[in-house]
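Me: Hi! I'm new to this one and would like a quick tour. Could you start with the pocket?

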Amino acid sequence: MTLTAHSIIAAAIVSKVTNPAIGLPLVFTSHLLLDKVPHWDIMTNKNKSHQRIALETSADIILGFVAAAAFYLLRGPSVDPAYFFIAILVAQSPDLLEAPYIFPRFDNPVSKGVYKFQHYIHDLWFDARLMAPWGVISQVAVAGAFLLWSLT
């Protein structure tokens, strides 16, 4: 999933789960589980240049924070802003941790391990990547369902 989708879903989760000791592990786990939902993401098309991937990823990170912040402001603060911000980082962390291995090809054990684990998750039982528009539609539906749940 895109970082934006993970951020929106994390925002929905922490707006309902106000205890960080429960919410942060839940947000992290949601990233891994939701990566099994068939989806499109920036790495679906592997024929992109590293420069384009870096640009699209940067935009995705920013859009994720902006979307989550808009949700936070529109819904009304239900949790501590620091907890909310940290939850968004935690939701994005698996993808952010693998970035040094992908972009400059910095072969460190942490980034390489996260990269391999993430790809294992994506490919477990079936390839969870879909081309656009269906892979985008699936993310919008899942993120929308989480947002609706958070508003109940």
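Reply: The lining of the largest pocket draws at least two residues from each of α3 (50-75), α4 (81-102) and α5 (109-123). Helices here are DSSP runs of H or I with at least four residues, numbered from the N terminus. This is a predicted model, where local features need pLDDT of at least 70, side-chain atom pairs count only at pLDDT 80 or more, and totals for chains, interfaces and linings use all residues. Residues are numbered from 1 along each chain as its sequence is written, and side-chain values use heavy atoms, with hydrogens and water left out.

Me: Which helix gives the most to that lining?

Reply: That's α4, with five residues.

Me: How much space lies in the largest pocket?

Reply: About 270 Å³. A pocket is an open set of points on a 1 Å grid over the protein atoms alone, where a 1.4 Å probe fits, with protein on both sides within 12 Å along at least five of seven lines; lining residues have an atom within 4 Å of a point. The volume is the space filled by probe spheres set on the points, which are joined across faces, edges and corners.

Me: And which residues are closest to its centre?

Reply: Of the 20 lining residues, those are I42, M43, T57, D95 and E98.

Me: Switching to α3: is D60 buried or exposed?

Reply: D60, which lies in helix α3, counts as buried because its relative accessibility is 9%. The cut-off for buried is under 20% relative accessible area, using a 1.4 Å probe and protein chains only.

Me: What does D60 touch?

Reply: Leaving aside residues up to four places away in sequence, D60 touches T2, L3, T4 and I42. Contact means heavy atoms within 4.5 Å.

Me: What do the buried residues of α3 pack against?

Reply: They pack against α1 (3-16), α4 and α6 (134-150). Among these buried residues are I53, F71 and Y72.

Me: What about the largest nonpolar core?

Reply: It has 22 residues, and M1, I9, A11, V14, V27, F84 and I88 touch the most other members. A nonpolar core is a set of buried Ala, Val, Leu, Ile, Met, Phe, Trp, Tyr and Cys residues joined through side-chain atoms within 4.5 Å. The helix α1 gives the most to this core, with seven residues.

Me: What is in the second core?

Reply: That separate core has six residues, including I42, M43, I102 and Y115.

Key
Buried means under 20% relative accessible area, exposed over 50%, partly exposed in between (1.4 Å probe, protein chains only).
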